[in-house]
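This briefing concerns the protein chain shown below.

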Amino acid sequence: MPINPVPLSKKGVNNDQTVLNKKNSQTMIDFMVKEPIYTFKDMVLSKETFDKIQDALAIFQYRDKVFDEWKLSSVIKKPSNLCLNLYGESGTGKTMAANAIASQLNFKLLQVNYADIESKYVGETSKNLVHLFQSAKDKNSLILFD
């Protein structure tokens with residue numbers, strides 16, 4: 001089920017939502033950060049799909065224990081981030097799953113359309129991407145390219 005958030009203006013920001021603005025010489029990009037609205041309890045998933053998602057999340061959630069306490073970092077570099085590619089037809093729950101993942105990891109959700117980041121001006125797209133990832137880090141947010 002797709003989620004269609006309403007774009008916020010600075011005046012429309014409330015306590016659980018934040019709009020991050022970026023001004024550059026060409027455009028202004030608003031990154032909307034919001035609290036996740038779904039959990040895995042709200043979803044109907046096959047056991048196989050649910051288990052695959054939980055396995056990926058466990059690597060991220062327990063990385064300190066595994067890599068620091070159990071000293072696996074002496075053999076393998078400790079991962080500092082997690083990247084999941086959710087795919088499927090429109091309306092199958094990819095955005096809902098992203099909300100549930102953010103909820104489980106105690107992250108906010110920063111939903112962005114790549115077309116909004118892309119620029120025809122040389123160097124602007126990479127600056128926009130750097131700003132996006134820095135904003136997500138600063139706001140403890142999961143990035144959803146929708």
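In this predicted model, the count of aromatic pairs comes to two. The rings of Phe40 and Phe50 form an edge-to-face pair, because their centres lie 5.6 Å apart and their planes stand at 85°, where over 60 degrees is required. Phe40 belongs to the loop between strand 2 (28-34) and helix 1 (47-61), and Phe50 to helix 1, so this pair ties together parts that are ten residues apart in sequence.

**Aromatic pairs in detail**
- Phe40 is buried, with a relative accessible area of 13%.
- Phe50 counts as partly exposed, at 33% relative accessibility.
- The rings of Phe60 and Phe107 have centres 6.0 Å apart and planes at 55°, so this pair is classed as tilted.
- Phe60 in helix 1 and Phe107 in the loop between helix 3 and strand 3 (108-112) are 47 residues apart, and their pair links distant parts of the chain.
- Phe60 counts as buried at 12% relative accessibility, and Phe107 counts as buried at 18%.

- Ser141 is found in strand 4, which spans residues 141-145.
- Ser141 is buried because its relative accessible area is 12%, and the cut-off for buried is under 20%.
- A polar atom of the Ser141 side chain lies 3.2 Å from the backbone oxygen of Lys139.
- Leaving aside residues up to four places away in sequence, Ser141 touches Val33, Phe107, Lys108, Leu110 and Ala136.

**Helix 3**
- Helix 3 is mostly covered, with eight of its eleven residues buried.
- The buried residues of helix 3 are Thr95, Met96, Ala97, Ala98, Asn99, Ala100, Ile101 and Ala102.

**A nonpolar surface patch**
- Leu82, Leu84 and Leu86 form a nonpolar patch on the surface, and together they have about 200 Å² of accessible area.
- Leu84 lies in the loop between helix 2 (63-69) and helix 3 (94-104).
- Leu84 counts as partly exposed, at 35% relative accessibility.

**Overall fold**
- The protein chain has five helices and four strands, arranged along the sequence in the pattern β-β-α-α-α-β-α-α-β.
- Of the 146 residues of the protein chain, 32% count as buried.
- The accessible surface of the protein chain comes to about 10,000 Å², and 53% of this belongs to carbon and sulfur atoms.
- Among contacts between residues at least 6 apart in sequence, 63% join residues at least 24 apart.

Technical notes:
Residues numbered from 1 in each chain as written. Predicted model: local features only at pLDDT ≥ 70, side-chain atom pairs only at ≥ 80, totals over all residues. Heavy atoms only, no water. Patch = residues over 30% accessible without salt bridge, like charges linked within 9 Å, V, L, I, M, F, W, Y side chains within 5 Å. Areas by Shrake-Rupley, 256 points an atom, 1.4 Å probe, with all protein chains shown as cover. Salt bridge = Lys/Arg side-chain N within 4 Å of Asp/Glu carboxyl O. Helix = DSSP H or I, 4+ residues; strand = E, 2+ residues; numbered from the N terminus. Buried < 20%, exposed > 50% of the residue type's maximum accessible area, 1.4 Å probe, protein only. Polar contact = N/O pair within 3.5 Å; in protein donor to acceptor, adjacent residues only side chain to side chain. Contact = heavy atoms within 4.5 Å. Phe/Tyr/Trp six-rings, centres within 6.5 Å; stacked < 30°, edge-to-face > 60°.
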